[in-house]
Amino acid sequence: MTDTINKEILLQIQGLKTYFFTKRGVVKAVDGIDLSIRRGEIVGLVGESGSGKSITSLSIMRLVPKPAGEIVEGKILLYNENLLEKSAEEMRQIRGNRISMILQDPMVSLNQILRVEYQIGEVFRFHKKTNGSLREMCVNVLKNVKVPSPELRIRDYPFQFSGGMCQRVVIGMGIANSPELLIADEPTTALDVTIQSQILQLMKRVQQETGAAILMITHDLATVAQICSRVMVMYAGRIVEKAPVHTFYKTPAHPYSSGLIKSVPVLGKKTGRLFSIEGQPPSLLDPPAGCRFASRCDQAEEICHREYPPEVTLDENANHRVSCWLHT
Amino acid sequence: MFFKKNRNKPKKVKNRIPVVGITFVSGFLFLVVFGNWIAPYGYEHWDMTSMMMPPAWVDGGSMTHVLGTDALGRDVFSRLIHGSRFSLLIAVACIACYGTIGVIMGLLSGFIGGITDMVIMRLCDLWMSMPAIILAIILVSLMGPSALTVVIVVGVAGWPGYARIVRGECLSIKQNDFIKLARVAGCSNLRIMFSHVFPNIANTLIVLVTLNIGQMIILTATLSFLGLGTQPPSPDWGLMMNEGRQYINSAWWLVVFPGLAILMAVLGFNIVGDWLREILDPKQRLR
């Protein structure tokens, strides 16, 4: 994979395959994906439930649930280091330090019975980056994410925080050690809409201040439009399209992408029934040989069912790529 | 093994404070702490001039020995008070002993899973298939009877119950996102186990321990009664019953009062344990 854009590539995933070995067979949750994230950019990874977005992120963290799940193939390069070759100990040094993560539901991502201070402190304690007292550092974390009166709130328990505040705390923890990559796994799904936009703004601000790259995993296209600079669309374990945000919304190349965009309601525009893509995504136990979207695609041809399309570059400068026979 | 309550039973709407249970338990604890000042005599104090005196309200009794005296003229009331300390001390020591083993085993089993889990759980099955009292008798006869033996024996016999419950709790807590996040923050397994999982099972443990103290009191009393536990002249309740047994026709008070003491202590701890379980159950609290 040649990336001609000169910004330094922070994370590169090559041919990653993460499978789950279950009694009913092998579930190919992530089946050979390539992607790259440059320093300091916000990349959206969109796709419906079960398309392998979260497993991709867990693979990067090397936290795929064992013993069922396993990374069978591929490389995950953080600069030039392959994360898949790291020992458990080295991996722990990287987690929370160079790569960090925000999870979906803030109310359950904090341990309800430990003080917030203790949990934030854990991020520092393990990585032994202490300047000033631990208390001060924890207060700073909360200050950073605009939690009001941090000196007092630090002594509180997570259940005393609202959902949005909890997510702020989690984001604060995520960026506390100024990681190079922050993986946000649907950070706004559990929040209501006004809080969502606050959190997104916060993340954007934080990204500008720390220069961390963010991999934003979501199924909400509005979120992507709001903060991402590039989008990758995932379908049934594979990435079908990679595009800059504007190109993606204006001229989506893959039928699945255009389907997704068409199914978003537009404010002020009267539509009848919303567009929906017919059918269900294929079973990952036994994915079809050809394009995985072929059975639901209204433009599918014979070859689509037979062979998986190669990745085609549509626009070299904008780095717009698609895996679809329509464009070959 | 510890919870045999019907799970389908509709939940009580209101939690009444169990006055009886709390009275018994606090009375018991009061005696444990202040017994030395309350007891009119020491537990080894004997007086041959007042042997086998009946309780004060029976003919021939006197207020100098409220609950009567035994064959050596020792004051039953005083010995009961001193005995409370023995009972609690032994019960607590037992629980501390096997609670620690059980919790560690349970955490390892639940958290690490895989082969570790299997080995520990099969070991538990094996252990639990042996009746505790038989196991205790075998071990005591090997090591010789004493208070320390009782602690060790009961400790060795009791850990699987704790291990299983802790494992179960651990399995469900492990699924939480905060465990994942702790991993993301770079915590080690050991740290997650003890500083994230353990505090979450503390509630269950408190209930378990409270309910268990009652059982331990019975078990140690049983061992003492069989002559396998504490040895004379300790004022252990079980031992007192054992010693009084031979005079049961002429001096009923030697058996009845220690028996009542055991009953009240155990009943109290059980009631309080049940109550604690209800008020500490997070499912019953508002989310």
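User: What should I know about numbering and confidence before we start?

Analyst: Residues are numbered from 1 along each chain as its sequence is written, while chains are lettered from A and ligands numbered from 1 in the order in which they are written. The model is predicted, so local features need pLDDT of at least 70 and side-chain atom pairs count only at pLDDT 80 or more, though totals for chains, interfaces and linings use all residues.

User: Why is α5(B) called roughly antiparallel to α7(B)?

Analyst: Helix α5 (residues 147-174) of chain B packs against α7(B) at about 155°, and their axes are 10 Å apart. Axes are lines fitted to C-alpha atoms, for helices over the stretch in contact, and angles run from 0 to 180 degrees between N-to-C directions. Under 35 degrees counts as roughly parallel, over 145 as roughly antiparallel, 65 to 115 as roughly perpendicular and the rest as oblique. That angle therefore makes α5(B) roughly antiparallel to α7(B).

User: Which residues of α5(B) and α7(B) meet, and of what class are they?

Analyst: Among them are B:V150 and B:I165 in α5(B), and B:I201 and B:L208 in α7(B). The contact has 13 nonpolar, three polar and one charged residues. Here Ala, Val, Leu, Ile, Met, Phe, Trp, Tyr, Cys and Pro count as nonpolar, Asp, Glu, Lys and Arg as charged, and the others, Gly among them, as polar.

User: How many residues does each chain bring to the contact between A and B?

Analyst: Chain B gives 16 residues and chain A gives 23 residues. Two residues are in contact if their C-beta atoms, placed from the backbone, lie within 7 Å. On the chain B side, the largest share, seven residues, comes from α6(B).

User: Why do β2 and β5 of chain A count as edge strands?

Analyst: The open sheet has four strands in the order β2-β1-β4-β5 (chain A), with antiparallel pairing. Each of β2 (25-38) and β5 (81-82) has a single partner strand, so one side of each is left without a neighbour in the sheet.

User: How do you know that β4(A) and β5(A) pair?

Analyst: Two strands pair if DSSP finds at least two bridges between them. Two bridges join β4 (residues 69-78) to β5(A) in chain A, and A:L78 has A:E81 as a bridge partner.
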